[in-house]
2 protein chains.
Amino acid sequence: MNLSVSEENYIKSIYKLEEGQDSVTTNALAYELDTKPASVTDMAKKLKEKKLIAYEKYQGINLTPEGRKAALQIVRRHRLWECFLVEKLAFSWEEVHELAEELEHVRSEKLTNRLSEFLGNPAIDPHGDPIPDAQGKMGKPRTLTSLHKSQAKRLEVMAVSDKSAALLEFLTAKGIRLGTQLDVIERYAFDNSIEIKIRNQPAFTISEQVSKNIMVKAI
Amino acid sequence: MNLSVSEENYIKSIYKLEEGQDSVTTNALAYELDTKPASVTDMAKKLKEKKLIAYEKYQGINLTPEGRKAALQIVRRHRLWECFLVEKLAFSWEEVHELAEELEHVRSEKLTNRLSEFLGNPAIDPHGDPIPDAQGKMGKPRTLTSLHKSQAKRLEVMAVSDKSAALLEFLTAKGIRLGTQLDVIERYAFDNSIEIKIRNQPAFTISEQVSKNIMVKAI
DNA sequence: ATTATTATTTAGATTTACCTAAATATTATT
DNA sequence: AATAATATTTAGGTAAATCTAAATAATAAT
């Protein structure tokens, strides 16, 4: 299946909007893609023709299994390029999205797989989103919140969800960034807050709102 | 100046065909871009409007200084990506052209400069073609032929012009590839042949036809 | 210097991905 | 249930980058 850049962008946006919702509306998709509802209807017909989406007029849009497969390939490429830009070219995690948006449209499986290998087959990108493997499978990211008491206590920050500027500000102030190593001192069950310690700085406590946005791996 | 992918491809091809020739014909450009002469005429009018080419009907096409500047930026991106693919992702030098053809259209100066830095600001790509710097300047590649007797004799193969399959075959048979280190034993003025030696293998002689296609740097 | 050949341009269509405005369907409100 | 508000689709149009076929210009051959 050979998709145009535009078709790929639609597929990717449908994939994104489908999470949670059971189907994607014309208006939501138009807003997401910064286009007009009439254009979405046009494209919906074309993507239906190509069997990438299920679509009946006035009934909303869903990816077919093929469509989802295509979406995962695009997402894989996007997130791998984000990793490359941050890890190898020293871009900050805020500025990589636009560039990855362009690089993701270079459709070469060989390139994608070699890039993944070069990066050490990362499981999550710098925003904390999981990277699908060549088969389209991906794991849930491990957040600081999700780890159980029994698990490793010496951790490394792999990624941070960047939903809000306030969070990024807080993390910067506390000295938490990509690659930061930290120890979990204690977990408090009543509010799920966590006491952590970075190197030889004094320990401090972070709330669940914060810890659920910090992706880590044991080291 | 914001160029479409198509406009960039025209500019790049005009740049390529302009070498040697004093102006580029409609037919030659159509052939190079695998399109029809009528399409070239259309685009020529548009690029003239944008002041990137000098064009009068039936008079052929030339880049303006602006057009040349744009071309050098595209060439820079193309060749940097070729370096990346070969050096970092272990592609062979024959297979990188198509991929670089796509990657070159991601127009971000920051990305380009960071990529260049990441690669150690290479002066030539794996095909032996020089890479323009951020200002569009580029040096002539140093071939094995072009080095004078007085210059360093321990050399490293940086690139190989891949004009013919026969040459590549010959080089492979002789054990000459990217990164190969060699010593120049002697130069024979009457036919410009060169006696070289690789590691502890026996020395052998190569003709000027061969040596002028091998780009080297002193080490 | 005509004529033939080749190169180039023009005119008019086509495709993709958009758009606006109007029509129609769906959903929410009274 | 009727009406108002919102969502979606249809109809028809536009710009970019192509194309084919026909017309015209430039060059080569007699």
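Which residue stands opposite Y188(B) in β5(B)?

First, some housekeeping. What you see is a predicted model, where local features need pLDDT of at least 70 and side-chain atom pairs count only at pLDDT 80 or more, while totals for chains, interfaces and linings use all residues. Residues are numbered from 1 along each chain as its sequence is written, chains are lettered from A and ligands numbered from 1 in the order in which they are written, and side-chain values use heavy atoms, with hydrogens and water left out.

Let's start with how the two chains relate. Chain A can be laid on chain B by a turn of 180° and a shift of 0.0 Å along the axis, with an RMSD of 0.1 Å; the superposition is by least squares on the C-alpha atoms of residues with pLDDT of at least 70 in both copies. That is the relation of a two-fold axis. The same surface serves both copies, as 100% of the contact residues of chain A recur in chain B, where contact means heavy atoms within 4.5 Å.

Now to the sheets, beginning with chain A. Five strands form an open sheet there in the order β6-β5-β4-β3-β7, with antiparallel pairing. Two terms before I go on. Strands (E, at least two residues) and helices (H or I, at least four) are DSSP runs numbered from the N terminus, and two strands pair if DSSP finds at least two bridges between them. Why is one side of β6 and of β7 of chain A left without a neighbour in the sheet? Because β6 (204-206) and β7 (214-218) of chain A stand at the edges, each with a single partner strand. From one strand to the next, the twist averages 50°.

Further in, β4 (181-188) and β5 (193-197) of chain A pair in the antiparallel sense over five bridges. One pair to click on is V184(A), whose bridge partner in β5(A) is I196(A). Helix α7 (165-174) of chain A lies across β3 (154-160), β6 and β7, running at about 145° to β3(A). For angles like that, axes are lines fitted to C-alpha atoms, for helices over the stretch in contact, and the angles run from 0 to 180 degrees between N-to-C directions.

Over in chain B, the open sheet of five strands has the order β6-β5-β4-β3-β7, again antiparallel. Its edge strands are β6 (204-206) and β7 (214-218) of chain B, each pairing on one side only.

Let me walk across that chain B sheet. Three bridges join β3 (154-160) to β4 (181-188) of chain B, and L155(B) has L182(B) as its bridge partner in β4(B). Five bridges then join β4(B) to β5 (193-197) of chain B, running antiparallel. Here is my opening question answered: Y188(B) stands opposite S193(B). The hairpin of β4(B) and β5(B) has four residues between the strands, and there N192(B) takes a positive phi near 60°. Next, β5(B) and β6(B) pair over three bridges in the antiparallel sense, with F204(B) in β6(B) as the bridge partner of I196(B). Helix α7 (165-174) of chain B lies across β3, β6 and β7, at about 145° to β3(B).

Last topic: empty space. Rolling a probe the size of a water molecule over the atoms shows where empty space is left. On a 1 Å grid over the protein atoms alone, a cavity is a set of points where a 1.4 Å probe fits but cannot get out, and lining residues have an atom within 4 Å of a point. The count comes to two cavities of 30 Å³ or more; grid points are joined across faces, edges and corners, and a volume is the space filled by probe spheres set on the points.

The largest cavity holds about 40 Å³ of space, and R77(B), W81(B), V106(B), L111(B), T112(B) and L115(B) line it. Helix α6(B) gives the largest share of that lining, three residues. By class, the lining has four nonpolar, one polar and one charged; Ala, Val, Leu, Ile, Met, Phe, Trp, Tyr, Cys and Pro count as nonpolar, Asp, Glu, Lys and Arg as charged, and the others, Gly among them, as polar.

The second largest cavity has about 30 Å³ of space. Its lining is R77(A), W81(A), V106(A), L111(A), T112(A) and L115(A), and α6(A) gives the most, with three residues. Thanks, everyone!

Technical notes:
On a 1 Å grid over the protein atoms alone, a cavity is a set of points where a 1.4 Å probe fits but cannot get out, and a pocket is an open set with protein on both sides within 12 Å along at least five of seven lines; lining residues have an atom within 4 Å of a point.
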